[in-house]
Amino acid sequence: MGRTKSFCLTGEENMLKVFLAEDEFIIREGIKNNIDWQAHGYEFCGEASDGELAFPLIQKTRPDILITDIKMPFVDGLALSRLVKKELPETEIIILSGYEEFDYAKEAIQIGVARYLLKPVNGETLLQEIDSVAEIILDKQKEKEIREKYQKEMEENSLRDQMDLFQHLVTGDCSMEELLSVADKLDLKIMAPWYSIVLLKIQSMKHDYEEYSGSIVVVDERIAKLAEPEHVLIFDRALEGRAFLFKADSEDELLAYQKEYLGDVKEVLSSYVNLRYFGGIGTPVNRLREIPASFEDASHAFAHRYLVAESCILDSSLLMQEGAAEHEDFRISAVNPEQIDRTKMQEFLRTGDLDEVVYFVDEFFGKLDGGAMKSRIFRQYITMDAYFSIVDFLKGLGLQKDEIEAPDQDSSILQDEKSAMDYIVRIMEKALVLREKKASSRYEDVVSEVIHYIEDNYAQEELSLNLLASHVNFSPNHLSMIFSQQTGQTLIRYLTDYRMNRAKELLRCSSKKSSVISMEVGYKDPHYFSYLFKKTQGMTPTQYRGGRAAEGEDL
């Protein structure tokens, strides 16, 4: 037939699939048997004598190309085309017709049919038209792959925006209209009749809390794949792990899906013996503005991770029941010494977050057995112990104890339970602020090392957040957070901008082809490089080289 093109990609499983609907047996057999489909890079995946028989087979086989006669009994070609385009919009359609009427062709165009061929049509002509349609399909697939790759590369930027959305959800500082607007920009569906918040932290027993762990990276990816977007949205909380927003049409459905999903999460985690996890489950609420209440309950439960050794996901409703059963009369014999273990406070001071201090103090001190905090003598003991724990912690950082307010500076500190708790919260928050200030210089060194690594290795296509995190031995979430804090932009955005600036230098100062420049700045696929360049610079590489840079420099 004189045809040299082949659309076989990397094997039979990737061949474009062709389905034929034709009521005339002789024509159907001729098309089916007189073309060597596989030799030309296609898979003939099915046939039918009318549209009614064809449609369920098409739903099952999901062909890339449908060839259909326009006149068939029961369901004709135009009706079949409408059904297929509605359910499988990416399927391209070739209509065969014995009618030249303009109305038929007009309707076919409106449906979105790719080709309208008049009978009779020979095999070579049909194959040429199929090839032409195949090129359209492959171009669309390539465009889709490029878009998906871009979205994945820019995922870190989206994660930062999602973290901001989560903060708005749990603080209640935005109206419903504002929340929906932000969520819509992120393509997240947050509206539902019922909600609950679950917080989850996974730690490696082999690594420090901020160090890189390949197992945690893999587990995070596996957990994300379990989520069904209509029922749960996952938000990154940097060093504090993940937050899950569960959604459902009823409270029973919410609790059922939550139980099923968390069960699957535990099953994934159970196969990693060196990982410890802890979660806190918030109470169900049925209004968007009540999500902060669910988060508050989840945070109280989540704060128990410093108080227990075993892995578990704790339901806040169980804590409420336990709290209601406590006695108010103080009995020193009822106090469990393990509840005031200084090492638990030291662990929080080392790894806890500023926003969690209130929850930790409430869980650690506020629920001591026997109503201990109601005793002035015990309050004096516990505040002194907290003070000296913090002094020891600061000493380990090379800081002086006079940075912290001593309990004897204000006699009202021991006045009542609330005053004592407020004091402990105050000095712990101060300690964490000092910790972060002390760590800032070290973070500057880490970010500087990352930037130098990018400058030396930007031509490596595999350069990514995970690879850079591994290089500096930081967890990806932590590196992402500190890089943004230190530079004001996400790490991936910085890498992309650096590569684009190098590409612009080469485009203006060399005669190298765009495809060569693409390789030199870390993109093996020149089509993707061109797409990314236009997306970030507002023009194609060719336009930039042609002298139209001035209008695009500020984009």
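1. L180 is partly exposed, with a relative accessible area of 31%, where buried means under 20%, exposed over 50% and partly exposed in between (1.4 Å probe, protein chains only). The residue L180 belongs to helix 7, residues 176-185; helices (H or I, at least four residues) and strands (E, at least two) are DSSP runs numbered from the N terminus. Together with M176 and M191, L180 makes a nonpolar surface patch of about 260 Å². Patches are made of residues with over 30% relative accessible area and no salt bridge, nonpolar side chains (Val, Leu, Ile, Met, Phe, Trp, Tyr) being joined within 5 Å and like charges within 9 Å; a salt bridge is a side-chain nitrogen of Lys or Arg within 4 Å of a carboxyl oxygen of Asp or Glu.

2. The model is predicted, so that local features need pLDDT of at least 70 and side-chain atom pairs count only at pLDDT 80 or more, whereas totals for chains, interfaces and linings use all residues. Residues are numbered from 1 along each chain as its sequence is written, and side-chain values use heavy atoms, with hydrogens and water left out.

3. The protein has 21 helices and 10 strands, and 47% of its 555 residues count as buried. Its accessible surface comes to about 28,100 Å², of which carbon and sulfur atoms hold 49%; the areas come from the Shrake-Rupley method with a 1.4 Å probe, and for residues only the protein chains shown count as cover.

4. The second largest pocket holds about 760 Å³ of space and is lined by 31 residues, of which Q167, R237, E240, D353 and D355 lie nearest its centre. On a 1 Å grid over the protein atoms alone, a pocket is an open set of points with protein on both sides within 12 Å along at least five of seven lines, and lining residues have an atom within 4 Å of a point. Helix 6 gives the most to this lining, with seven residues.

5. R62 lies in the loop between helix 2 (51-61) and strand 3 (65-69), while F74 is placed in the loop between strand 3 and helix 3 (77-87) and counts as exposed at 68% relative accessibility.

6. The peptide bond from K119 to P120 is cis, with omega near -5°, and P120 is found in the loop between strand 5 (115-118) and helix 5 (123-153).

Note on methods: On a 1 Å grid over the protein atoms alone, a cavity is a set of points where a 1.4 Å probe fits but cannot get out, and a pocket is an open set with protein on both sides within 12 Å along at least five of seven lines; lining residues have an atom within 4 Å of a point. Grid points are joined across faces, edges and corners, and a volume is the space filled by probe spheres set on the points.
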